[in-house]
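Here are a few exercises to work through with the model open beside you. Try each task first, then compare your steps with the solution.

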Amino acid sequence: MYTLKPGVLLTETEYGMALLDQKSAEYWTLNPTAAVVLRELLDGHGAERAAAVLVEKYEDVDTDVAAQDVAAIVEDLRSAGLITL
């Protein structure tokens with residue numbers, strides 16, 4: 001199950017999400033797609049479920065493309081030190 005790294009604050013915005021790492025004072029914004037993925041992960045769902053939600057929400061998105069997008073978003077969030085598994 002994914003969680004936010006301790007000290008990372010999250011707020012949902014009308015355009016997606018904003019994340020603040022209190023320790024480094026770095027700030028990130030997530031577009032609506034990345035926000036959906038992060039919300040699914042934080043709610044205890046896996047990458048497959050996050051991809052399925054993207055396909056459901058954005059009807060013109062292919063399942064394989066959604067899975068690739070989720071993998072890229074997860075990698076970006078992990079490499080930025082915002083989430084842990």
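**Exercise 1. Find which exposed residues are carried by the face of α2 turned away from its buried side.**

Solution. Before starting, note that this is a predicted model, in which local features need pLDDT of at least 70 and side-chain atom pairs count only at pLDDT 80 or more, while totals for chains, interfaces and linings use all residues. Residues are numbered from 1 along each chain as its sequence is written, and side-chain values use heavy atoms, with hydrogens and water left out.

Step 1: Buried means under 20% relative accessible area, exposed over 50%, and partly exposed in between (1.4 Å probe, protein chains only). Helices (H or I, at least four residues) and strands (E, at least two) are DSSP runs, numbered from the N terminus.

Step 2: list the buried residues. In helix α2 (residues 47–57) these are Ala-50, Ala-51, Val-53 and Leu-54. They lie on the same side of α2 because they cover an arc of only 160 degrees around the axis, taken from the directions from the helix axis to the C-beta atoms.

Step 3: turn to the opposite face. There you find the exposed residues Glu-48 and Glu-56.

Step 4: ask what the buried side meets. The buried residues of α2 pack against α1 (32–42) and α3 (63–79), where contact means heavy atoms within 4.5 Å.

**Exercise 2. Work out the strand order of the open sheet and how its strands pair.**

Solution. Step 1: write down the order. The open sheet has three strands, β2-β3-β4, with antiparallel pairing; two strands pair if DSSP finds at least two bridges between them. β2 (8–13) and β4 (26–30) are at the edges with a single partner strand each, so one side of each has no neighbour in the sheet. From one strand to the next, the twist averages 15 degrees; axes here are lines fitted to C-alpha atoms, for helices over the stretch in contact, and angles run from 0 to 180 degrees between N-to-C directions.

Step 1: follow the pairing of β2. Six bridges connect β2 with β3 (residues 16–21), and two residues separate these strands in a hairpin. Leu-9 stands opposite Leu-20, and Leu-10 has Leu-19 as its bridge partner.

Step 2: cross to β4. Five bridges link β3 and β4, with Leu-19 partnered by Trp-28. This hairpin has four residues between its strands. Most residues other than glycine have a negative phi, and most peptide bonds are trans. With 59% relative accessibility, Ala-25 is exposed.

Step 3: place the helix. α1 lies across β2, β3 and β4, at about 65 degrees to β3.

**Exercise 3. Decide whether Asp-21 is buried or exposed, and find which side chain makes a polar contact with its own.**

Solution. Step 1: locate the residue. Asp-21 belongs to strand β3, where five of the six residues are buried.

Step 1: check accessibility. At 3% relative accessibility, Asp-21 is buried.

Step 2: look for a partner. The side chain of Asp-21 makes a polar contact of 3.2 Å with the side chain of Lys-5. A polar contact is a pair of N or O atoms within 3.5 Å; within protein, one must be able to donate a hydrogen and the other to accept it, and residues adjacent in sequence count only if both atoms are side-chain atoms.

Step 3: Beyond four places in sequence, Asp-21 touches Lys-5, Gly-7, Val-8, Glu-26 and Trp-28.
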